[in-house]
Amino acid sequence: MGGALFCFLLFFAYDRLERDGLLKLDQADVHLFYIVGVCCVPIAMSLYLARTFVATQRRLTGQLLEIQRLSKQSFEQEQDRQQMLMRQKDILAQQVSERTAQLQASLDELRTTQDQLVQKEKMASLGELTAGIAHEIQNPLNFVNNFSEVSTELVRELEEERAKGVERDTELEAEILADLNQNLEKIGHHGQRASAIVRSMLQHSRTSTGQREPTDINALADEYLRLSYHGLRAKEKAFNAAMDADFAADLPLISVVGQDIGRVLLNLFNNAFYAVQQKHLSGQGGSGYQPRVRVQTRAVKGGIEIRVADNGVGMNEDVAQKLFQPFFTTKPAGSGTGLGLSLSYDIITKGHGGSLRVESVEGEGATFIVMIPNAR
């Protein structure tokens, strides 16, 4: 650009000088002058391009060096970041491992405590049954003792009759033998009854195997109803209550864990008798109040239903909502573990896929409704 301007000024000056007569050149000098002027343009352009190329090269070299510096810096920062992340990952993994170990220890401790509480609840219910068991066993044992004494007398009479020789009364001997046979049958029946009670209580005290078996719910409910009632009467001899049993005659056997369902029924019966006893003692029912506990069974679609009703103190809606929560109890401190209904709820809902609910009117009584589905 500068070369072109120089050539233009050179030609302009020559033209003015020649016009004014101040510069006189021959033809050869004029040609030389023009040649020099024309050559200045590409030379100037070449110099300009060379200078521009050098400047561009220097600028690009500087930018390349800056890029390399920034890349190295970024790489080093990324390495530092990766190392920091690895350290944090190791620290986090260690913390997670420690926390997991702590949680596992807490879980093991919780399971141990839960097992202890369940066992405590089982033994508490078994303790409440002790008097009832004694009463229930005493009845068949009394029959066994009585029929044994009568049978002993009959054997003695039979021996005396046979000692008469030809004067013996064969008809009397036949009557005595018939009475003996009847007594032995009754002794066997009541002995089996006592054995069944002991066997049932042994099953109640053992850890549940979870093995389901076809079970007669009517027989199970009848047995635990009487055991619960006599257990309470042994502690409160003045207490009396009417027991109504409405068992469906066509109730089918249902596959359940007998030990667990027995615990549920026992807990429901104990609560029912406790409720009517408290109403009686508090005088809420008046002078004509008659404590009453009723158990009903029936077949429903897909399973069976058990209802345990009482005309005791009942409960309000707020208490009913909390009734199946662990450790919730309406009894005075020391009178219960607060786990009976909670464990019963888990046995029915989780263990057997059924339902357990309560309907109650405060001051009038409560009805617990158990639904057990058929095993699939």
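Which residue takes a positive phi just after α7? Glycine 353 does, with a phi of about 65°. The model shown in these views is predicted.

**View 1. Helix α7 and the glycine that follows.** Helix α7 covers residues 340-352, 13 residues in total. From first C-alpha to last, α7 reaches 17 Å, close to the 18 Å expected at 1.5 Å a residue. Its buried residues are Gly340, Leu341, Ser342, Ser344, Ile347, Ile348, Thr349 and His352. Glycine 353, with its positive phi, comes just after the helix.

View 2. Lysine 350 and aspartate 346 form a salt bridge whose closest N and O atoms are 3.9 Å apart. Both residues lie in α7, separated by four residues, or about one turn of the helix. Lysine 350 counts as exposed because its relative accessible area is 68%, a value over the 50% cut-off. Aspartate 346, at 27%, is partly exposed.

View 3. Across the whole structure, a search finds twelve salt bridges.

View 4. Arginine 81 pairs with glutamate 78 in a salt bridge, with 2.8 Å between the closest N and O atoms. The two residues are separated by about one helical turn, because they stand three residues apart in α2 (residues 27-162). Arginine 81 is partly exposed, at 40% relative accessible area. Glutamate 78 is also partly exposed, its relative accessible area being 33%.

View 5. Aspartate 246 forms a salt bridge with arginine 294, and their closest N and O atoms lie 3.1 Å apart. This pair links distant parts of the chain, the two residues being 48 residues apart. Aspartate 246 belongs to strand β2 (residues 242-246) and arginine 294 to strand β4 (residues 292-300). Aspartate 246 has a relative accessible area of 32% and is partly exposed. Arginine 294, with 35%, is partly exposed.

**View 6. A patch of negative charge on the surface.** The patch gathers Asp169, Glu171, Glu175 and Asp179. One of these residues, glutamate 171, lies in helix α3, which spans residues 170-205. Glutamate 171 counts as exposed because its relative accessibility is 60%, and the cut-off for exposed is over 50%.

Terms used. Residues are numbered from 1 along each chain as its sequence is written. This is a predicted model: local features need pLDDT of at least 70, side-chain atom pairs count only at pLDDT 80 or more; totals for chains, interfaces and linings use all residues. Side-chain values use heavy atoms; hydrogens and water are left out. Patches are made of residues with over 30% relative accessible area and no salt bridge: like charges are joined within 9 Å, nonpolar side chains (Val, Leu, Ile, Met, Phe, Trp, Tyr) within 5 Å. Accessible areas come from the Shrake-Rupley method with a 1.4 Å probe; for residues, only the protein chains shown count as cover. A salt bridge is a side-chain nitrogen of Lys or Arg within 4 Å of a carboxyl oxygen of Asp or Glu. Lys and Arg count as positive and Asp and Glu as negative; His and the chain ends are not counted. The place of a charge is taken as NZ of Lys, CZ of Arg, CG of Asp or CD of Glu. Buried means under 20% relative accessible area, exposed over 50%, partly exposed in between (1.4 Å probe, protein chains only). The expected span of a helix is 1.5 Å times one less than its number of residues.
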